Each structure stands twice: as C-alpha cells, then as structure tokens.
Amino acid sequence: SDSALAWVTFRIPPDAATGEAVLTLDGQQLTTYNIQQTERIFEIPNVEIDVHQEFPGVGTLIGVNIPQTEIVQGEDFPLEIIWQAGEESPLANYRVFGQLLSSDSVIWQSDSEPLSGQRPTSTWITGEYLVDSHLLHWNRLEYSGKATLIVGLYNPVTAERISLPGGTTFVTIPAEIEVR
C-alpha cells in the first residue's frame with residue numbers, strides 16, 4: 001500500500017454563518033464543525049486619545065484609553081487600544097505590543113494577540129471595532145520621570161513589525177505620562 005500523509009490548512013471565513021460546516025475531501029466527509037458567531041462592535045466605542053493610524057493590511061489604530069497619566073513605580077499600567085479592522089482580514093495573526101519607554105529603555109510592556117488571544121487579527125471583519133485591553137508590566141523598578149507610550153503590531157513567526165508610512169514600526173501615543 002502506497003500511502004502518504006499530506007498536511008493541509010483550511011480557513012473558515014471570519015463572517016461565516018453560525019451552524020454546522022462539513023469538511024470533505026474528494027467527496028468523502030471527513031468531519032463536521034460547529035461554527036459560532038463572534039460578538040462584534042460596529043459603532044465607534046469611547047476613545048480618550050485619538051490616533052487614527054493605519055497599519056497596512058490589518059486595520060487602523062483608532063486611539064487609546066488610559067485611566068491615569070501618573071504611575072507609581074512597580075504598579076502595572078492598564079491600557080485600552082481601540083482598533084478598527086481593515087478591508088480584508090490578514091492571513092497572519094499579528095501580536096499587539098504596548099510599551100512605556102524612558103529615554104533609554106523599556107520600563108513597562110505588554111505583548112499579546114488582540115483581546116488576550118480571543119480575537120486574532122485573522123478573525124477581524126471589515127469595519128468592526130475592537131477594544132483591546134492590555135496590562136503593561138513593570139520592567140525597571142529604579143526609574144522615575146517622563147515616559148513615552150508606543151503601540152504597534154508584529155508577526156510572531158518572523159518577529160517583523162508592520163511598517164508604517166514614514167518608516168516607523170510603532171505609533172507614539174500623544175500623552176504625557178509621569179512615573180513616580
């Protein structure tokens with residue numbers, strides 16, 4: 001008997017209808033899947049700091065919400081990042097990074113798929129908004145002073161960040177943050 005394994009990938013479109021999907025190969029049913037709809041937001045949520053920066057091939061960083069602009073050393077820093085999905089869902093599942101920077105290093109950071117891994121970028125559909133909560137964790141206990149908040153996306157397989165117009169790979173958020 002001459003048999004070989006072949007690995008294949010299939011993708012269920014993010015806007016597929018709820019119900020049962022059947023996977024067949026050469027007319028033979030292999031298995032069935034139950035597809036459930038994801039809750040989606042199509043009205044712009046509250047945005048405290050407007051950004052409106054497009055990330056080509058993925059979507060637009062609409063803005064961020066930060067509950068405080070003064071932080072105590074050692075405390076985690078909460079951040080909401082508001083995205084709007086672009087024209088097409090990307091094939092890659094990009095990771096979001098948020099960092100608070102001093103003049104010479106990263107002092108807080110967060111790195112995860114959107115919505116704590118619950119909404120990979122390949123599941124986004126055109127025009128929907130996503131409120132992506134992050135908790136930036138402390139890296140440098142001895143720092144106090146001004147900090148700069150940056151946000152970006154990267155491909156975890158290649159570690160390559162998405163390039164933005166102007167050659168940068170992140171957005172600097174216009175907020176004055178002070179570490180005490």
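Q: Why is Glu178 called buried?
A: Buried means under 20% relative accessible area, whereas exposed means over 50% and partly exposed lies in between, with a 1.4 Å probe and protein chains only. Glu178 has a relative accessible area of 19%, so Glu178 counts as buried. This is a predicted model, in which local features need pLDDT of at least 70 and side-chain atom pairs count only at pLDDT 80 or more, while totals for chains, interfaces and linings use all residues. Residues are numbered from 1 along each chain as its sequence is written, and side-chain values use heavy atoms, with hydrogens and water left out.

Q: What makes the contact between Arg180 and Glu178 a salt bridge?
A: A salt bridge is a side-chain nitrogen of Lys or Arg within 4 Å of a carboxyl oxygen of Asp or Glu. For Arg180 and Glu178 the N to O distance is 3.9 Å, and the pair is accordingly a salt bridge. Both residues also belong to a network of salt bridges that links Glu70, Lys146, Glu178 and Arg180.

Q: How do you know that the side chains of Arg95 and Asp111 meet in a salt bridge, and which parts does the pair tie together?
A: The N to O distance is 2.8 Å, which can be set against the limit already given for a salt bridge. Arg95 lies in strand E7 (residues 95-101) and Asp111 in strand E8 (residues 106-112), so the pair ties together parts that are 16 residues apart in sequence; strands here are DSSP runs of at least two residues, labelled E, while helices are H or I runs of at least four, and both are numbered from the N terminus.

Q: Why do Arg95 and Asp111 count as partly exposed?
A: Arg95 has a relative accessible area of 24%, so Arg95 is partly exposed. Asp111, at 37% relative accessibility, is therefore partly exposed as well.

Q: Why is the pair of rings of Phe55 and Trp83 called edge-to-face?
A: Rings of Phe, Tyr and Trp (its six-membered ring) pair if their centres lie within 6.5 Å, and planes under 30 degrees apart count as stacked, over 60 as edge-to-face and the rest as tilted. A search of the whole structure finds 4 aromatic pairs. The ring centres of Phe55 and Trp83 are 5.4 Å apart and their planes stand at 75°, so this pair is edge-to-face. Because Phe55 lies in strand E3 and Trp83 in strand E6, the pair ties together parts that are 28 residues apart in sequence.

Q: What makes Phe55 and Trp83 buried?
A: Phe55 has a relative accessible area of 0% and is therefore buried. Trp83 is also at 0% relative accessibility, so Trp83 counts as buried too.

Q: Why is the pair formed by Trp83 and Trp124 called tilted?
A: The ring centres of Trp83 and Trp124 are 6.1 Å apart and their planes stand at 40°, so the pair is tilted. Trp124 lies in the loop between E8 and E9 and Trp83 in strand E6, so parts that are 41 residues apart in sequence are tied together. Phe55, Trp83 and Trp124 form one aromatic cluster.

Q: How do you know that strand E4 is mostly covered?
A: Strand E4 (residues 59-65) has 7 residues, and 6 of them are buried.
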